[in-house]
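Trainee: I am new to this model and would like to go through it with questions. Please show it to me.

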Amino acid sequence: MSRPWGIEIRGPDAAEFINRIFTFGFLKQPVGRTRYAAMTNEQGVVIDDGVSCRLANDHFYVTATTSGVGRVFQSMLQWNAQWRLDVDIANVTSAYAAVNIAGPLSRQVLEKVCTGVDLSAEALPYLELREGHIGEAPTRIMRTGFVGELSYELHVPSRYGEYLWDLLMEAGAELGIRPFGVEAQRLLRLEKGHVIIGQDTDGMSHPGEIGMSWAVNRKKPFFVGRRAVDILESQPAKRRLVAFQLPASSAQPLEGHLVLDGPDITGNVTSCEYSATLESIIGLAYANPDKSPAARLPSVSKVVQKSTPRSSSDLSTMPRTADRRCNHGDSTRGSCSQAHAALPPSSGPLRK
Amino acid sequence: MRGQKAAGFLTQHGYQLPSAPNQAVKQPDGSLVARLSASEYLLLGSLADAGQRISQHETQWPSHQSGVYCLPRQDTHAWLALSGPHISAVMAKLCGVDMRPNVFAPGQVAQTAVARANAIVINAGACFYLLVDTALACYFWSVMLDAMQEFDGQPLSVTALQHALES
């Protein structure tokens, strides 16, 4: 049980403010809908991501990475000191507790305790958001998630956090509900190929490099970092973040290990885990883009094992899921502040 | 509550407001309004009604309207009261701001660091109010108990505090 790293933007200029801060387009974001929100700095480097939730025409609730919310909040205040837009910017991280309930039976559990919201797939489709009650707790219900399952994020005033957890565990007991933790969540996001900002990015990563050009709106005139992103993406790519898959029997690369193309260093491993579902080692790594089409790692590349006597493994490629937007925005290196309850998973290696 | 029209809104609803930031005004019903900036006001409920009046505002007032924005402080802050003859001495162990009575008078507010944590300290007259992030509540509680140990300090229930302040 914990806090969902939130910032509220309210006021007549709220949409304009969000539109300037994040790379996507938000002016036409419908009320009751969430949208992936990536943030670049003035150098065009991706520095944070999260989800923008539009609660009203003049009211946005934006999530940021767990460790990054303070930085994002300060950055927002700093920018608006220049822009002078008519908005109120409030860091409400402490005000909310969040639980992510995931799994094919999660809707069934929620239906037992939720009032005021139709949870059917038609009424609350993927990426939509509603306000209702779970038991007595006023709740923001988002059909988003980080784990590639049918998933709901439930955000309640923090005074209801423990109450919400107990209610869900009780309601889901007969369906086999179980808590799941950060490590499980991190593996599940890797299976679906979702990038964690700060883990899979560094101080040089721009949107095109990490396969996030889709999250950049080219039609709007401005966002923070727009000019730098345009310049960076007009240059030949120097590296690209790709997904890889290794046989279970191979040595498992560690995060930070180098990716070699012959004698040349072309990148490094950013995430790597063994996936029991896929029965193989999977990960993300930067690699030479010249020898690989998008999302492909050149077969000649090697991962250098630091702790073993230069044992190396050929890398094969793994498709990253096409739609990586079901992100709840948690991108903390090594920890996620949300609480999670999971139901038995569906079959299939890469679930959505 | 904050915003360009927050002062007008609160005045309309019968609150007496401090004339400058970092000041607090006790209300006739025992609640208190602290002014945290030019346009931000913190409302603290009265012990007499267990905060009912403020709780009602939370449900009855809109979360925001033009120039007035409510902030969810009930969920973000832990609120402790420090009373007794050694308040200033205890605070001197925890905070770099001089909080002796002749310097930090009733009605004054300090937004500062206490025990290395961001805190709002309000001299409410009979006691000091301390507000910290809820995540720090347990830490802060233990810090306070430790700091007042040498003065034979003891924790009080809310009811006991109410009686102490009334007497």
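## Burial, pairs and cores

Trainee: Does Glu128(A) count as buried or exposed?

Mentor: The scale runs on relative accessible area: buried is under 20%, exposed is over 50%, and partly exposed is in between, with a 1.4 Å probe and protein chains only. Glu128(A) has 13% relative accessibility, so the residue counts as buried.

Trainee: What kind of model is this?

Mentor: Residues are numbered from 1 along each chain as its sequence is written, chains are lettered from A and ligands numbered from 1 in the order in which they are written, and side-chain values use heavy atoms, leaving out hydrogens and water. Local features need pLDDT of at least 70 and side-chain atom pairs count only at pLDDT 80 or more, while totals for chains, interfaces and linings use all residues, since this is a predicted model.

Trainee: How many residues apart are Glu128(A) and its partner Arg33(A)?

Mentor: The side chains of Glu128(A) and Arg33(A) meet in a salt bridge, 2.9 Å from N to O (a side-chain nitrogen of Lys or Arg within 4 Å of a carboxyl oxygen of Asp or Glu). Glu128(A) is in the loop between strands S7 and S8 of chain A, and Arg33(A) is in the loop between H1 and S2, so this pair links distant parts of the chain, 95 residues apart. Helices (H or I, at least four residues) and strands (E, at least two) are DSSP runs, numbered from the N terminus.

Trainee: Which helix holds both Asp230(A) and Arg226(A)?

Mentor: These two side chains also meet in a salt bridge, at 2.9 Å from N to O. Asp230(A) is partly exposed at 30% relative accessibility, whereas Arg226(A) is buried at 16%. The two are separated by about one helical turn because they lie 4 residues apart in chain A's helix H6.

Trainee: Which residue of chain B forms a salt bridge with Arg159(A)?

Mentor: The closest N and O atoms of this pair are 2.8 Å apart, and the partner is Asp75(B). Arg159(A) lies in the loop between strand S10 and helix H4 of chain A and its partner in helix H3 of chain B, so the pair joins two chains.

Trainee: Which residue of its own chain does Asp75(B) touch?

Mentor: Contact means heavy atoms within 4.5 Å. Leaving out residues up to four places away in sequence, Asp75(B) touches Ser94(A), Ala95(A), Pro157(A), Ser158(A) and Arg159(A), along with Thr134(B).

Trainee: How much area do chain B and chain A bury between them?

Mentor: 14 residues of chain B are in contact with 16 residues of chain A. On the chain B side, His64(B), Tyr69(B) and Asp75(B) lose the most area, together 48% of what that side buries. Buried area is the accessible area (1.4 Å probe) that two parts lose on being put together, summed over both. With 41% of it on carbon and sulfur atoms, the total is about 1,200 Å².

Trainee: How many salt bridges are there between chain B and chain A?

Mentor: Side chains of opposite charge can pair when their charged atoms come close. Arg2(B) and Asp88(A) meet in a salt bridge at 2.6 Å, N to O. Both belong to a network of salt bridges that also links Arg10(A), Glu40(B) and Arg73(B). The count between the two chains is 3.

Trainee: Which residues touch the most other members of the largest nonpolar core?

Mentor: A nonpolar core is a set of buried Ala, Val, Leu, Ile, Met, Phe, Trp, Tyr and Cys residues joined through side-chain atoms within 4.5 Å. This core has 26 residues, and those touching the most other members are Ile7(A), Ile9(A), Phe17(A), Ile21(A), Phe22(A), Met76(A) and Ile89(A).

Trainee: Which element supplies the largest share of this core?

Mentor: In chain A, S1, H1, S2, S4 and H2 each supply at least two residues of this core. The largest share, 6 residues, comes from H2(A).

Trainee: What share of chain B counts as buried?

Mentor: Chain B has 6 helices and 9 strands. Of its 167 residues, the buried share is 43%.
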